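Here is a short note to read alongside the model.

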Protein chains: 2
Amino acid sequence: MALTLYGSSYSRSLRVLWMLKELDLPFEHIPLQWQECGQNADYLAINPTGTIPTLVDDGFVLAESLAINLHLARRYGRLWPAAEQDQALCWQWSLWAVASMETSYIQWAAHTLWLAPEARDPAKAAAATEALQRPLARLEQALQGQPWLLGHDFSVADLNVAGCINGLRRFDLTAYPTMAAWLNRCLDRPAYRAATQLP
Amino acid sequence: MALTLYGSSYSRSLRVLWMLKELDLPFEHIPLQWQECGQNADYLAINPTGTIPTLVDDGFVLAESLAINLHLARRYGRLWPAAEQDQALCWQWSLWAVASMETSYIQWAAHTLWLAPEARDPAKAAAATEALQRPLARLEQALQGQPWLLGHDFSVADLNVAGCINGLRRFDLTAYPTMAAWLNRCLDRPAYRAATQLP
């Protein structure tokens, strides 16, 4: 087994670093920054999309952070549910996170946390805050009576959704106490904290 | 086997109707419109997200059009590659389509095709046209020397990507002849045409 992950922890690659730490796999980490990956000819030869992360797993090249995590969970046999229906729910939650939550999350985070204060647009932050209410309510409901999205066990579904919205710990989640507790459970895992320490 | 699909063909449900026709499966079709699904209490009891489509497969409830298609392809054994690496590429392409292409596609289509002419914003159409160039170039490159995204065989990867951008047949694809030919091959399939005839 030879695993190489391209992508700095200050990018979507953090999600995959988290998964690699959960699985306790040895890997080579090339902490490419998102600002440089689209212009790096050596990297574009590996991933023509020019995005990070990219995983190379014994020569097999895979892009898209959440797809990489699904692949790692299945291939290395952890955080991957045994039942095919539960696996389909991992696909559902991963696609849902990207389609329904990630864009609004990024807009909120950019205009609340990431941009220099003078570059932040309060109207954009407010619009994103509003757009996040419905997916937050969906998570609040899905987690009623169960600690994790699939039930009793932490899985790639939780990791992929929480990994898309990790900065929401700094969002007002008062109306979503169950979701807030779940997000804390996810992000308090030692593997997540270890991943954030990587370059 | 009892399959029920909720969602009008004038919505993302078309992608799943296409898959159901490819697999030649019997199913009950409830052509719910997207305008009504978020307020329909009976429907919200099935899918609390209030989006269409939803599949109910022998009591198993699954949302997210592309996840439903991955599930159907695997469960019913067609358009699903045998190799695990190729399956991971189906996940990659499905997530890529949603993350990198669908939002810009919808903005382009809304301001070019769907909205009443007086409601269209040429600046938004132009911005979306610009944003689509990079993912179109990615598809153009991925299809060099092979008819389908995974190689020799049409798969759920092709169906899921093409299903996200079906209206691009009316986009200027002159710079992307390989991609344009692939999109036509996808949308000329009898199953796609049959799906578009459904309510």
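**Notes on rings and strands**

1. A:Trp108 is buried, its relative accessible area being 5% (buried means under 20%, exposed over 50%, partly exposed in between, with a 1.4 Å probe and protein chains only). A:Tyr105 is buried too, at 4%. Both residues belong to helix H5 of chain A (residues 84-114), three residues apart, or about one turn of the helix. Helices here are DSSP runs of H or I with at least four residues, strands are runs of E with at least two, and both are numbered from the N terminus.

2. Before going on, a word on the basis: this is a predicted model, where local features need pLDDT of at least 70, side-chain atom pairs count only at pLDDT 80 or more, and totals for chains, interfaces and linings use all residues. Residues are numbered from 1 along each chain as its sequence is written, chains are lettered from A in the order in which they are written, and side-chain values use heavy atoms, without hydrogens and water.

3. How many aromatic pairs are there over all chains? The count is 19, where rings of Phe, Tyr and Trp (its six-membered ring) pair if their centres lie within 6.5 Å, and planes under 30 degrees apart count as stacked, over 60 as edge-to-face and the rest as tilted. The rings of A:Tyr105 and A:Trp108 have centres 6.2 Å apart and planes at 35°, so this pair is tilted.

4. In chain B, look at B:Tyr6 and B:Tyr43: their ring centres are 5.5 Å apart and their planes at 50°, so the pair is tilted. B:Tyr6 lies in strand E1 (residues 3-6) of chain B and B:Tyr43 in helix H3 (residues 41-46) of chain B, so the pair ties together parts 37 residues apart in sequence. B:Tyr6 is buried at 15% relative accessibility, and B:Tyr43 is buried at 2%.

5. A:Trp18, A:Trp148, A:Phe154 and A:Tyr192 make up one aromatic cluster. Over the ring of A:Phe154 sits the charged end of A:Arg189, 3.6 Å from the ring centre (the rule asks for NZ of Lys or CZ of Arg within 6 Å of the centre and within 35 degrees of the ring normal).

6. Finally, chain B has an open sheet of four strands, in the order E2-E1-E3-E4 with mixed pairing; two strands pair if DSSP finds at least two bridges between them. Strands E2 (28-30) and E4 (60-63) of chain B stand at the edges, each with a single partner strand, so one side of each has no neighbour in the sheet.
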